[in-house]
Amino acid sequence: MKADRVAAIVGVAESDLGITPGKTVLQLQGQAAKAALDEAGLSKTDVDALFTAGNWSWSPPMLLAEYLGIQPKYTDGTNVGGSSFEFHVGHAVAGIQAGLFDVALITYGSTQRSDRSRNRPVTTARLTEQFELPYGLPMPVGAYALAATRHMYQYGTTSEQLAEIAVATRKWAMLNEKAMMRTPIAIDDVLNSRWIAEPLHLLDCCLVTDGGGAVVITSARRAADTRKAPIWILGHGQTHTHNSITNMPDLTMTGAVQSGRDAFGMAGVTHDELDVVEVYDSFTITVLLTLEALGFCKPGEGGAFVSGQRTAPGGTFPLNTNGGGLSYCHPGMYGIFLLIEATRQLRGECGPRQIPDARLALAHGTGGVLSSSATVILGRD
Amino acid sequence: MADQIPLPVPDGDSQPFWEGIGRRELLIQRCDVCQRYVFYPRSHCPHCFADSLSWVQATGEGTIYSYTVIHQAYGPFAGDVPFVVALIELQEGVRMMSRIAGSPPEAVRIGAPVQVVFEKINDELTLPYFALTESGA
């Protein structure tokens, strides 16, 4: 491991998850931010950089900062979908490295489930959306279905192989008391669940929940006296390759090729050294494409890689150990929860789902329609 | 109106495209400098960054790059299920999203040859859909 210790995650927390009627996105973020700062032994007056992403305000960072009573000297509202928070981590490390601030607070909150705010009809199609919206592709599931069809055509990937991912992820959720879906499922349950957009069934799709989270990052200097042991950010990488699915260069290959290469290179670690992997699972196909693009297996071999419940508890490749967006929670932009779980695994806080002696973890966010990719590699002392 | 298909708003890039659709012509752009075809329309070539592109009529022939059969849809599309949305690779090498019209979903395959058809949705809107051609059907 060659990486310099520049910045570390020192606090993580979820807000209430699942269904949170009566709560606002601001309340959820306040709740998570307070809990994450508390466990770090920091207070909001220590926060000098604020990062958030959402579509609940024309300027989420300004509204959230005002609500929490924070006047940051650095702010970042980068919104590239569900991976935004892995992008924020990279930006926070860069800012700390440049000496611009010491304590970064990253938050997310959503009440999409209680609001029933998904799939509200729109009546006009502007800018480049006019070449897609009129055809009625349900988003984002339809776009991921297009990628799945192509992967199956090109490599012979099967629905059974995609179902392996949903089943293994559910087994992890059964070990997480915060997970929303905890009854066991079998491969046939996935295959027999109704079609949403072929070749994706209902159980190939993530949940729709409320929820929020927060992550506190600080400099190596400040991390010396925080309450929790620092979880070092050893490497990070990011890119986005397209906005709409029509313009994805190759439907079977995501930008994780680049973000992963950059993150592994910066961290100076190899795939074999990782103890636990958390990748965005908006849909089963997202996981399969990401594992291939990150180089855990070759292009086209993802189906074989996940077969035989290799990614389940007790398997050789522990993946999405909190139960993922498929079974734990998915409040629209899930990426912050990847960071929270990876941090807890490295601290040894995960109880029945703990990976013994986990020292190195990878978190990878995917946003939009396989559009944005960001990889973060974390490690403990 | 909630049940209205999202209506394309022709703009400085797209107006000639929609005017072409009105004449039952599928127009795409070609870069005057690097000669590569471009879709969706824009003011700068995404390949060589030249700011000079010309409209040309596409053959309207292509193949299916990928597709999905939609079983759950919302708003104005809810009543259409099941329907097929596809990405079409035009003979000119550019990709478009569209629907496959006139064939049962089971007949659709990646690689199948298709030809543009002009589907009148309502008085305000005609869309370029694609149909499997003889050899592909």
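Analyst: Here are some notes on the model, topic by topic.

User: What kind of model is this?
Analyst: It is a predicted model: local features need pLDDT of at least 70, side-chain atom pairs count only at pLDDT 80 or more, and totals for chains, interfaces and linings use all residues. Residues are numbered from 1 along each chain as its sequence is written, chains are lettered from A and ligands numbered from 1 in the order in which they are written, and side-chain values use heavy atoms, with hydrogens and water left out.

User: In what order do the 9 strands of the open sheet in chain A run?
Analyst: The order is S3-S2-S4-S8-S1-S9-S12-S11-S10, with mixed pairing. Strands are DSSP E runs of at least two residues, helices H or I runs of at least four, both numbered from the N terminus. Two strands pair if DSSP finds at least two bridges between them.

User: Which strands stand at the edges?
Analyst: Strand S3 (74-76) and strand S10 (276-279) of chain A. Each has a single partner strand, so one side of each is left without a neighbour in the sheet.

User: How do S1 and S9 of chain A pair?
Analyst: Antiparallel, over 2 bridges. Ile9(A) stands opposite Ile231(A) in S9(A).

User: New topic. Is Ser84(A) buried or exposed?
Analyst: Ser84(A) is buried, at 0% relative accessibility. Buried means under 20% relative accessible area, exposed over 50%, partly exposed in between (1.4 Å probe, protein chains only). Ser84(A) lies in helix H3 (residues 84-97) of chain A.

User: What is Ser84(A) in contact with, beyond neighbours within four places in sequence?
Analyst: Ala53(A), Thr78(A), Asn79(A) and Met333(A). Contact means heavy atoms within 4.5 Å.
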